[in-house]
Amino acid sequence: SSGINAEWPLRPGTPLFSYQDALQHFKSIDLSIYESDIMTSIHLTGIAKFFAQLCGPPRLKSQLKAEKTFVFCLARCQFDNDDPKDFQLLMTIYKSLTGTQLDCARFGSHWQDIGFQGNDPATDLRG
């Protein structure tokens, strides 16, 4: 697929995405379509429930349950090759890890060099 900036050369210009920018972007997306696909808890019974209460992790505060659902839904959200914000986020990851100020090609072995599984970082960002 072609997508944004699929070919070389390197070029400056894509500004870094701050954490607040990314959070605002992802909160603007309707993630409710993923809610039915996620399981944020497991219903335990019997001895498993007893051991979970005794030795399991602490209970999540009720005010954080919406954030937990948001994170689970966000994990289901697929990378959009045609969304400039998704591309900007990729460039931020690349520039932050390499220290370069130049944009890189959308596909290539340079993604493996920074820890992605293959030449297309979107395959690691699938929903």
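**Note on helix packing and salt bridges**

1. E67 is partly exposed, with a relative accessible area of 37%. (Buried means under 20%, exposed over 50%, partly exposed in between, with a 1.4 Å probe and protein chains only.) K27 is partly exposed too, at 46%. The two form a salt bridge, with their closest N and O atoms 3.3 Å apart. (A salt bridge puts a side-chain nitrogen of Lys or Arg within 4 Å of a carboxyl oxygen of Asp or Glu.) E67 sits in helix α3 and K27 in helix α1, 40 residues apart.

2. This is a predicted model, where local features need pLDDT of at least 70, side-chain atom pairs count only at pLDDT 80 or more, and totals for chains, interfaces and linings use all residues. Residues are numbered from 1 along each chain as its sequence is written, and side-chain values use heavy atoms, without hydrogens and water. The chain's mean pLDDT (predictor's confidence per residue, 0 to 100) is 84.

3. How do helix α1 and helix α3 pack? Their angle is about 85°, with axes 11 Å apart. That makes α1 roughly perpendicular to α3 (65 to 115 degrees). L23, F26 and K27 of α1 make the contact with E67, F70 and L74 of α3. (Contact means heavy atoms within 4.5 Å.)

4. The count is 4 salt bridges. One of them joins K95 and D103 at 2.8 Å, N to O. Both K95 and D103 are buried.

5. R106 also forms a salt bridge with D120, at 2.7 Å between the closest N and O atoms. R106 is buried, at 2% relative accessibility. D120 is partly exposed, at 22%.

Methods. Axes are lines fitted to C-alpha atoms, for helices over the stretch in contact, and angles run from 0 to 180 degrees between N-to-C directions. Helices (H or I, at least four residues) and strands (E, at least two) are DSSP runs, numbered from the N terminus. Angles under 35 degrees count as roughly parallel, over 145 as roughly antiparallel, 65 to 115 as roughly perpendicular and the rest as oblique.
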